[in-house]
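Please keep the structure open while going through the points.

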Amino acid sequence: MAEYKIDDHVDITDVVCPVTFVKAKIAIEELETGQILSVHMNGGEPVQNVPRSMKEEGHKVLKLNKNDDGTFDLIVEKGEE
Amino acid sequence: MAVDYAALKKGGFMRQKQKNCFSLRLKVVGGHLTAKQLGAISDVADKFGNGYVHLTSRQGVEIPFIKLDDIDKVKAALAAGDCEPGVCGPRVRTVTSCQGKEICPSGCIDTYALAQELSERFFAKDLPHKFKFGVTGCQNNCLKAEENDIGIKGGIKVKWIADKCINCGVCESICRTRAVTSEDGKIVLDESKCNYCGRCTKACPADAWENSEGYILSFGGLFGNRIHKGEEIVPIIHDKTTLFRVIDAAVEFFERNANSGERFRLTIERIGEEEFKRVIWEAYNG
């Protein structure tokens with residue numbers, strides 16, 4: 001997606017809840033405030049929970065893009081430390 | 001002296017095949033037992049039973065092999081541990097519930113609080129036949145609401161808040177009934193498709209939905225000799241006054257019309273679905 005400049009990617013399709021969020025959380029902690037992470041995830045449970053959890057951690061969810069293979073990419077901007 | 005088995009059954013003492021032995025059913029609401037209660041149950045099972053309990057299909061606890069002669073001692077020991085005997089026979093049975101929104105991330109309503117209210121109002125009420133209430137917190141239906149004579153399912157009616165929406169697309173992706181769609185940056189909710197599961201508002205990272213909790217009622221469920229899925233009649237109800245008015249009307253319909261030993265569903269069929277619906281709609285409309 002050309003809409004956002006992605007600073008880093010993390011793939012959480014190889015893990016299941018609750019590790020999905022843990023993996024995404026570790027990835028976003030590596031970034032600086034204002035940088036953007038793309039989280040590659042499966043549909044269903046991760047889509048239900050990861051965006052909300054990101055918000056609760058103080059990050060800003062920008063977009064959820066649906067891919068043709070049924071996976072999703074969640075675009076998140078890192079919040080204040 | 002002749003043993004009054006009906007009175008014992010009413011008081012939760014279920015006659016066993018084994019002579020003079022009873023399986024003692026306890027009162028449990030919504031599958032919730034304190035550590036203190038469990039301790040008392042454990043002591044009674046050890047001292048007066050065979051050292052084990054049976055967990056019933058409806059979240060109850062029974063202590064088998066209680067002897068007729070020990071009944072008073074058993075009741076006293078249980079009372080000291082905050083336990084009360086349950087009921088059997090033609091009356092309102094254990095009110096069951098899932099853990100609901102206080103514990104479960106999917107829950108839309110406080111099921112346990114509602115189960116307690118229902119139990120206080122109806123538990124052990126004598127009726128023409130057994131009568132079961134079950135409360136489930138959401139569309140996942142862990143508590144199988146429609147198996148019950150009256151089932152209550154929690155839901156959330158949502159309304160989109162344009163100002164807060166960041167157009168991330170999470171709600172559209174998460175909606176199982178395709179009630180939520182996005183058109184030119186606007187979220188459109190097709191209320192005819194919405195099943196009030198609340199997944200959109202729970203997943204929303206921007207709190208861009210206004211929530212209104214509600215109760216979806218089903219009537220006449222059977223899951224024994226005959227199987228029938230409880231049916232919804234009126235729309236989701238958002239206040240307890242209306243909820244209890246409709247429930248009271250349904251229970252009263254059963255009390256007034258049922259033959260002895262006739263389950264709620266069969267009464268509805270014999271009297272007529274249309275008449276039952278009329279009664280429920282009348283209560284719904286106040």
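1. A residue is called buried if 20 or more other C-beta atoms lie within 10 Å of its own, exposed if 12 or fewer do, and partly exposed in between, with the C-beta atoms placed from the backbone. By that count, buried residues make up 30% of the 81 residues in chain A. In chain B, 42% of the 286 residues count as buried.

2. On the source: this is a predicted model, in which local features need pLDDT of at least 70, side-chain atom pairs count only at pLDDT 80 or more, and totals for chains, interfaces and linings use all residues. Residues are numbered from 1 along each chain as its sequence is written, while chains are lettered from A and ligands numbered from 1 in the order in which they are written.

3. Helices (H or I, at least four residues) and strands (E, at least two) are DSSP runs, numbered from the N terminus. Chain A has two helices and four strands, in the order β-α-β-α-β-β from the N terminus. Its radius of gyration is 11 Å, close to the 12 Å that the globule rule gives for 81 residues, so chain A is as compact as a globular protein of that length. The radius is taken over C-alpha atoms, and the rule is 2.2 Å times the number of residues to the power 0.38. The C-alpha trace of chain A spans about 30 × 30 × 15 Å along its principal axes.

4. Chain B contains nine helices and twelve strands. Its C-alpha trace spans about 80 × 45 × 30 Å along the principal axes. Two residues are in contact if their C-beta atoms, placed from the backbone, lie within 7 Å. Among contacts in chain B between residues at least 6 apart in sequence, 64% join residues at least 24 apart.

5. Chain B is assigned domain 1 (5-80) and domain 2 (96-284); such bounds come from an automatic or database domain assignment. The centres of the two domains of chain B, taken over C-alpha atoms, are separated by 32 Å. Six residues from domain 1 of chain B and seven residues from domain 2 of chain B take part in the contact.

6. Which parts of chain A touch chain B? The contact involves twelve residues from chain A and ten residues from chain B. Helix H2 (45-56) and strand S3 (60-66) of chain A each supply at least two residues of the chain A side, and H2(A) gives the most, with six residues. That side divides into seven nonpolar, one polar and four charged residues. Here Ala, Val, Leu, Ile, Met, Phe, Trp, Tyr, Cys and Pro count as nonpolar, Asp, Glu, Lys and Arg as charged, and the others, Gly among them, as polar.

7. A nonpolar core is a set of buried Ala, Val, Leu, Ile, Met, Phe, Trp, Tyr and Cys residues joined through C-beta atoms within 7 Å. The largest has 68 residues, and those with the most contacts inside it are Leu74(A), Cys171(B) and Cys200(B). Helix H7 (residues 240-257) of chain B gives the most to this core, with six residues. Not counting residues up to four places away in sequence, Cys171(B) touches Val180(B), Ile187(B), Cys200(B), Ala203(B) and Cys204(B). A second, separate core of 17 residues includes Leu24(B) and Val44(B).

8. Cys104(B) lies in the loop between strand S5 (96-97) and helix H4 (111-122) of chain B. Cys104(B) counts as partly exposed because it has 15 C-beta neighbours inside 10 Å.
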